[in-house]
Amino acid sequence: WWSYQRKMQANMVALLHKLSIAFPDKNFVLRPHPAEDSNFYEVVFETAKNVFVNKTGTVQPWLMAADLLVHDCCTTAVESFLAETPIINYRPIEDEDFDVKFPNQCGTKCESEDEVIEAINNMRHDREGFIKKNSLTPSSKSLLKNIENDVYDDFIELVKKMSREKLAGNSCDGNISIRSMRYREIGNSLEQFSRRILRAFFYL
């Protein structure tokens, strides 16, 4: 994990240096992870005049003001997706053991520095085409639905559907006897009580 993180960090540093040269008219704000040392980035970007290391405040205002987010395995991508800010998922290396699948489905995937530059140029000509561009799976979209919509009615329908399916697969063909359920519950309680008594004789 440490080795993978350091490779990701080195790749991001190299990319940002190249982007600062390729787009001198743009400012790049690097927001270190809360657990990272900001001094490291301040040193490596000391000569890059359009790169600013800043982790003050929450990320939402930065995303709202940004033209673009570049990330790799960062949950900020989900917030950027919801803020309708274009996203580039820079992934020069991949390892399924450490992959954060949901965030990495957000945005345009690039595997090289040149692909990132090309994607930025395309975005500058067609920003709307990049907004909410993603390859979210159905399961991931269902997670976002919990954030974007009121799902109370859907939840009720889901419970009803599960109840119907459960009844349909029941051996009594949906006709459940309350009395029978109570007898089974009492029998189960007696069984558990008997087991607790018997276990006492087998303790070493």
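**Entry 1: the sheet**

I began with the sheet: three strands form an open one in the order E3-E4-E5, with parallel pairing. Strands here are DSSP runs of E of at least two residues, helices are runs of H or I of at least four, and both are numbered from the N terminus. Two strands pair if DSSP finds at least two bridges between them. I then looked up the edges. Strand E3 (69–71) and strand E5 (108–110) stand there, each with a single partner strand, so one side of each has no neighbour in the sheet. From one strand to the next the twist averages 25 degrees.

I noted what I was looking at. This is a predicted model, where local features need pLDDT of at least 70, side-chain atom pairs count only at pLDDT 80 or more, and totals for chains, interfaces and linings use all residues. Residues are numbered from 1 along each chain as its sequence is written, and side-chain values use heavy atoms, leaving out hydrogens and water.

**Entry 2: E4, E5 and a helix**

I checked how E4 (residues 87–90) is joined to E5: three bridges link these parallel strands. Ile 88 stands opposite Thr 108 in E5. Helix H6 (residues 113–125) packs on the sheet and touches E4 and E5. Its direction makes about 175 degrees with that of E4. Axes are lines fitted to C-alpha atoms, for helices over the stretch in contact, and angles run from 0 to 180 degrees between N-to-C directions.

**Entry 3: Pro 32**

Next I went to the loop between E1 and helix H2 (38–44), where Pro 32 lies. Is Pro 32 buried or exposed? Pro 32 counts as buried because its relative accessibility is 6%. The cut-offs are under 20% for buried, over 50% for exposed and in between for partly exposed, with a 1.4 Å probe and protein chains only. I listed its contacts (heavy atoms within 4.5 Å). Beyond its neighbours within four places in sequence, Pro 32 touches Ser 38, Tyr 41, Val 53, Asn 54 and Lys 55. Asn 54 is 22 residues away along the chain, yet the two C-alpha atoms are separated by 7.4 Å.

**Entry 4: Val 29**

I looked up Val 29, found in strand E1 (residues 28–30). Val 29 is partly exposed, at a relative accessible area of 41%.

**Entry 5: the whole chain**

Last, I took the totals. The protein chain has ten helices and five strands. Of its 204 residues, 26% count as buried. Among contacts between residues at least 6 apart in sequence, 54% join residues at least 24 apart.
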